[in-house]
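User: Hi, I'm new to this one. Could you walk me through it?

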Amino acid sequence: MKFKDYYETFGLPRSATQDEIKRAYRKLARKYHPDVSKDPEAEARFKELGEAYAVLKDPEKRAAYDQMGSQWKSGQDFQPPPDWNAGFEFSGRDFGAGDGVDHSDFFEALFGRQARGTQRAGMHARGEDHHAKVLIDLEDAYRGAQRSISLRVSEVDAQGHIALRERRLDISIPKGIRAGQHLRLAGQGEPGLGEGSAGDLYLEIGFNPHPQFRIDDRDVYLDLPLAPWEAALGCSLAVATPDGSVQLTVPAGTAAGKSLRLKGKGIPGNPPGDLYVVPKVVLPPATSESEKDAYRAMAGAFDFNARDPMKS
Amino acid sequence: MTNTYMQLIRGTIVEEEIHLTLEELCQACRASEEHVMAWVTEGVLEPIGDAPQEWRFTGPALRRARLALWLARDLEINPPGVALALDLIDEIAALRAQLQRNGVR
């Protein structure tokens, strides 16, 4: 496993005060919170920040981390020294866990659930609920799908070493699910202690970006490029929707930006969403003489001034 | 690392099929009941039902409560501040959705 320099995460020296750590965390966490930031790296950065903060904000954990010495550099191969945390007592059931997110194997080895010490006999508690994010394709929401997701869980082997295990879950994505919704998988969270029941796993659904379709809740938008004469005279075209190809009648006099609604062709559900086809009129370049003649003929035929709206 | 294969698991869509009780919401987002009650008072969360024992939270409350907890715990924002921050975050999300609808990425 690789060593993680939690001070480097915040750009702080090891001598930083608790206040400086708190300020640095807040500043960066505000910037990278996935609900606030549009940066595609935001989620990963935010997780790193949370993990580093979980260690450094707690004076006991910070002291234990510090005593491993400053000779370690980020990314170096690392094994925790035996009894590395001897003399430090970590308390609290939520210790280290933060938010049920998958922390790095480095964190898990040092501060993970199993590193909290042996469980007292006769202790019962429900396992914690876990949260994870799953990206699916738009087509999956139209048809339903099966997805395999990998979650990382730490466990102790027979020798008492902590190992990260990949836990694969095959889940069924119900038809009609939308971005931002959550799937609850009962009993798939953290195992309970003693006779306590297991926690649940919550999966937040998001869509992979699609080159053609834009999604807004249950409605889907599609840009449809049209030649000026197709928009003006009307036409009938085959248009690919997430649900297969449909024959679309573009009425004569279709204006750019005025969308055509295909009722019920959005994400399925009760009620289903709509599919909006947004016409984009594309002007063909006039290069050959006959093409230029066509534009000249248009100029002659129309009593049209594109700048009429600018007149006061 | 070893792999474990499991059978196909069917989940329930929280937003459509489940109403969470106060206890379930607290368990799911690790917030205390005091926190959740303060957020309900401030209008951050709007459960169905009058008394806390009767409260039922719908799916969007899950995301809002997790965000509210982060704002309260890590940024030490008080409940009225949490309510304001969430309103603004919602507004930004709505504006971004509008931009997206119009094809601005």
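User: What should I know before I start?

Analyst: This is a predicted model, where local features need pLDDT of at least 70 and side-chain atom pairs count only at pLDDT 80 or more, while totals for chains, interfaces and linings use all residues. Residues are numbered from 1 along each chain as its sequence is written, and chains are lettered from A and ligands numbered from 1 in the order in which they are written.

User: What are the ipTM and pTM scores?

Analyst: The model has an ipTM of 0.76 and a pTM of 0.74.

User: And what's the mean pLDDT of chain A?

Analyst: Chain A averages 83, with 84% of its residues at 70 or more; pLDDT is the predictor's confidence in each residue, from 0 to 100. The pLDDT falls below 50 over residues 91-100 of chain A, a stretch with 16 contacts in the model beyond near neighbours in sequence. Residues 114-119 of chain A are also below 50, with 10 such contacts. A contact here means that the C-beta atoms of two residues, placed from the backbone, lie within 7 Å. Where pLDDT is low, the predicted coordinates should not be read in detail.

User: Which elements of chain B have the lowest and highest mean pLDDT?

Analyst: The lowest is strand β1 (residues 3-4) of chain B at 50, and the highest is helix α3 (residues 33-42) of chain B at 93. Chain B as a whole has a mean of 86, and 91% of its residues reach 70 or more. The element names follow DSSP runs numbered from the N terminus: helices are H or I with at least four residues, strands are E with at least two.

User: OK, changing topic. How many residues of chain B are in contact with chain A?

Analyst: 30 residues of chain B, and they meet 31 residues of chain A. Elements giving two or more residues to chain B's side include β2 (8-10), α1 (14-17) and α2 (22-29) of chain B. The largest share, four residues, is from α5(B).

User: How many of the residues on that side are nonpolar, polar and charged?

Analyst: On the side of chain B that touches chain A, 14 are nonpolar, 10 polar and six charged. Ala, Val, Leu, Ile, Met, Phe, Trp, Tyr, Cys and Pro count as nonpolar, Asp, Glu, Lys and Arg as charged, and the others, Gly among them, as polar.

User: Which strand of chain A is joined to β3(B)?

Analyst: Strand β4 (residues 182-185) of chain A, antiparallel and through two bridges. A:Leu183 has B:Ile13 as its bridge partner there. Strands pair if DSSP finds at least two bridges between them.

User: What order do the strands of that sheet have?

Analyst: It's an open sheet of four strands, β1(A)-β5(A)-β4(A)-β3(B), with mixed pairing. β1 (130-136) of chain A and β3 of chain B are at the edges with a single partner strand each, so each has one side without a neighbour in the sheet. Further in, β4(A) pairs with strand β5 (residues 201-207) of chain A, antiparallel, over four bridges. In that pairing A:Leu183 is opposite A:Leu203, and A:Arg184 is opposite A:Tyr202.

User: And the order β6-β7-β11-β10 in chain A, what kind of sheet is that?

Analyst: That one is an open sheet of four strands with mixed pairing. Its edges are β6 (213-216) and β10 (260-262) of chain A; each has a single partner strand, so one side of each is left without a neighbour in the sheet. Three bridges link β10(A) with strand β11 (residues 275-281) of chain A in an antiparallel pairing, and A:Arg261 sits opposite A:Tyr276.

User: Last one: which residues make the contact of α4(B) with α5(B)?

Analyst: From α4(B) they are B:Arg64, B:Leu67, B:Ala68, B:Leu71 and B:Ala72, and from α5(B) B:Val82, B:Ala85 and B:Leu86. Seven of these are nonpolar, none polar and one charged.
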